[in-house]
Amino acid sequence: MAAAAAGLSWRRVSSFTGPVPRSRHGHRAVAIRELVIIFGGGNEGIADELHVYNTATNQWFLPAVRGDIPPGCAAHGFVCDGTRILVFGGMVEYGRYSNDLYELQASRWLWKKVKPQAPSTGSPPCPRLGHSFSLYGNKCYLFGGLANESEDSNNNVPRYLNDFYELELQHGSGVVGWSIPVTRGTLPSPRESHTAIVYCRKDLGSPKMYVFGGMCGCRLNDLWELDIETMTWSRPEAKGTVPLPRSLHTANVIGNKMYVFGGWVPQSAGGEISAPDGEWRCTGSFSYLNLDTTEWIGLISDCQEDKGNLLPGPRAGHCAVAVGTRLYIWSGRDGYRKAWNNQVCCKDLWYLDTEKPPAPSQVQLIRATTNSFQVKWDEVPTVEGYLLQLHADSPVPAAAGVPSAGVPEASVLSSEGGSFLHQSPQAVPSAPYPEAKLDRPSQASHVVPNSVPLSSNPLLKADGKEKAAAPESKETPKSRADAAGFKEPNAPSLLPVCTSSPQTSANVGELLDLDKRTVNPDASVSSTVCSTQTMVTQQAVKTESSSTNGAVVKDETSLTTFNSKAEAAEAACVTPSARVGAGQTHESHSSKPRRARDRQWYDVGIFKSNSAVVSQFYLLPEEPLSISSQGEGADALDYRLLKKQDLLPGTVYRFRVAAINGCGVGPFSKISEFKTCIPGFPGAPSTVKITKSVDCIHLSWEPPASPSGNILEYSAYLAIRSAQLQENPGQLVFMRIYCGLKTSCVVTAAQLSNAHVDCSSRPAIVFRISAKNERGYGPATQVRWLQ
């Protein structure tokens with residue numbers, strides 16, 4: 001099949017939950033993060049509901065909209081600007097078209113009718129349907145459509161349009177008004193049911209709008225280009241095979257490609273433009289235009305039959321929307337039954353991964369024991385799973401210096417923005433310190449059910465003056481390891497309802513005291529939490545957890561620097577075919593000279609979610625096996641045939657992870673190092689709390705869950721500014737601010753005024769707290785107080 005030859009792997013989505021909208025055509029869709037928002041369309045009446053599909057949880061839901069709710073419409077303009085959506089025009093009933101403009105604030109599901117100013121010259125746009133409405137920057141561009149010349153809606157006299165308008169938007173909400181730009185060159189001919197997209201090449205930086213196809217008594221396949229900076233229309237010379245003339249198709253930009261799917265095309269196979277009364281049919285053809293080279297590439301031909309139900313069927317008037325690099329297609333009409341005099345609409349939802357997924361963030365540590373790790377990484381949107389690998393070192397002896405963090409950093413979210421951080425470096429704040437809100441998501445054993453509607457996703461706000469900080473973990477019911485591969489290869493991954501920007505974990509570091517005494521590495525992990533409601537509003541999530549890493553350290557200095565090792569810079573973009581087999585090596589690209597190490601990577605397994613409990617890994621067979629290049633073949637490496645190796649105490653393990661989608665396995669993440677615990681040393685203090693006062697903050701914590709004897713003392717450290725830190729931003733310099741038996745201490749305003757604001761993820765002040773028993777200091781709990 002042509003699709004297989006082109007490397008396409010369409011997936012039909014099944015087993016979704018929630019109120020599924022009725023099938024229709026003439027509807028429109030946009031994406032806000034992982035949400036697909038659909039409005040309008042018609043089939044036995046025009047629909048006026050707003051439907052939302054969560055691609056991460058495979059759920060449909062109907063948000064409770066309020067405000068100036070627009071009437072149902074079809075073939076309207078529909079664009080998304082951040083978290084607001086604009087709707088313009090469309091057919092509101094047969095023969096009656098609209099030129100009203102509505103705005104939806106999706107963060108509140110609030111509709112508002114807006115009234116733009118009329119153009120300084122000319123009239124505002126007339127009522128219409130089938131127009132294009134494209135967004136670039138703070139302006140929307142309206143082109144063409146179909147108007148009714150008759151004042152009587154029952155007496156439809158069509159008039160095809162090629163007028164061109166610009167709508168200036170206000171920042172955040174509202175609009176300024178319409179204008180009629182003065183353009184150069186030849187304007188495209190009148191048309192409706194065409195497509196228009198805006199693309200800006202990275203190297204040239206000049207935005208272009210591309211108009212393709214449409215209907216004007218006959219169907220068209222001409223391509224037009226508008227240079228938005230110079231407002232000049234032109235006909236680019238396209239290479240390759242131009243798609244058949246069509247209308248009611250879709251066009252979406254992903255990367256540098258405009259993907260064109262479906263529509264009405266002439267019945268004749270020769271591609272001749274039909275006469276106004278010519279025969280036409282729906283198509284399932286699929287092509288893309290390389291917008292950098294202006295070359296058409298056909299992926300699914302018009303005559304291709306879907307004999308195995310592996311491709312979306314022919315359709316027109318459907319909606320298509322890009323979520324990341326994944327293209328979703330839903331509903332649309334697939335024909336017209338003249339005997340019944342009604343339209344037949346599709347009910348199916350499909351998606352196609354157009355590129356391999358990007359590399360995930362570094363693996364982050366949740367907790368460690370003597371023979372296991374609980375780890376996580378930031379989720380990658382629209383993936384079907386993750387391949388986790390490790391590489392083992394020999395056991396590492398005890399180290400001296402400031403304890404490295406043995407658990408992920410808890411994120412302590414300031415509710416007042418950390419105003420004192422904006423003062424001069426030496427300034428001591430006179431205002432009260434911001435109250436700490438600590439992100440503490442649930443432990444891995446406490447999952448968030450995917451069956452719960454997104455609008456009721458549990459989000460807990462930390463309240464009161466005292467907030468607890470602890471490591472994070474967030475999973476869905478299907479987050480357990482699936483060592484044999486995917487159980488549901490055709491369903492979208494059930495990812496947690498969380499959209500967090502990628503965070504970088506601090507790699508294992510070399511701890512150097514002021515005398516530059518080198519000690520052995522230990523693990524240090526940074527992590528933050530970002531949870532979302534149904535829309536984009538961020539909240540603090542509480543949970544608690546304590547954990548230990550096997551780092552064995554001694555506290556002999558009050559001021560210590562923390563160096564990130566160059567392992568973080570190790571080449572991480574490894575393609576699926578470059579998985580390291582037996583006998584292969586992968587050298588470190590450290591800027592420091594270091595002994596080359598064998599890079600024998602072993603599979604831990606393939607996981608549905610972005611977390612895992614690791615106690616074993618799979619030994620490679622004598623003959624290396626490679627993973628399939630396709631996502632559905634990701635379980636081609638049959639783990640049931642491989643031997644397992646247990647993790648050992650006091651051993652450093654390197655981790656990397658790659659995401660998997662329908663195009664295969666993406667590049668691997670940067671490398672993180674963690675060490676299993678050594679028996680006899682205390683664990684890390686747990687449940688760190690921060691309470692604000694007028695001129696100080698109070699740190700408190702609970703003893704380690706596994707003290708391994710009597711706790712002799714605790715030490716607390718604060719990351720401070722230093723000249724060394726300015727020279728090497730990868731270093732953190734810590735000063736001990738407390739040593740004693742109490743499980744609390746006071747951090748003064750003077751100490752905080754010297755604090756370093758770590759901006760490796762979100763701006764935060766970094767604390768470390770560790771415990772000491774008869775054997776020595778154990779790992780530290782690291783806390784990021786978000787500003």
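**View 1. Strands 31 and 32 pair in the antiparallel sense.** Strand 31 joins strand 32 (residues 373-376) through 4 antiparallel bridges. The model is predicted: local features need pLDDT of at least 70, side-chain atom pairs count only at pLDDT 80 or more, and totals for chains, interfaces and linings use all residues. Residues are numbered from 1 along each chain as its sequence is written, and side-chain values use heavy atoms, without hydrogens and water. Strands are DSSP runs (E, at least two residues), numbered from the N terminus; two strands pair if DSSP finds at least two bridges between them. Leu 365 stands opposite Val 375 of strand 32.

View 2. The order is 31-32-44, with antiparallel pairing. Strand 31 (364-368) and strand 44 (611-614) are the edge strands, each pairing on one side only.

**View 3. Tyr 602 and Phe 617 form an aromatic pair.** Rings of Phe, Tyr and Trp (its six-membered ring) pair if their centres lie within 6.5 Å; planes under 30 degrees apart count as stacked, over 60 as edge-to-face, the rest as tilted. The structure holds 29 aromatic pairs. This one is tilted, at 5.2 Å centre to centre and 45° between the planes. Tyr 602 lies in strand 43 (residues 602-607) and Phe 617 in strand 45 (residues 616-618), so the pair ties together parts 15 residues apart in sequence.

**View 4. A ring cluster and a charge over Tyr 351.** Ring pairs link Phe 16, Tyr 53, Trp 60, Tyr 328, Trp 330 and Tyr 351. The charged end of Arg 326 sits over the Tyr 351 ring, 3.9 Å from its centre. The criterion is NZ of Lys or CZ of Arg within 6 Å of the ring centre and within 35 degrees of the ring normal.
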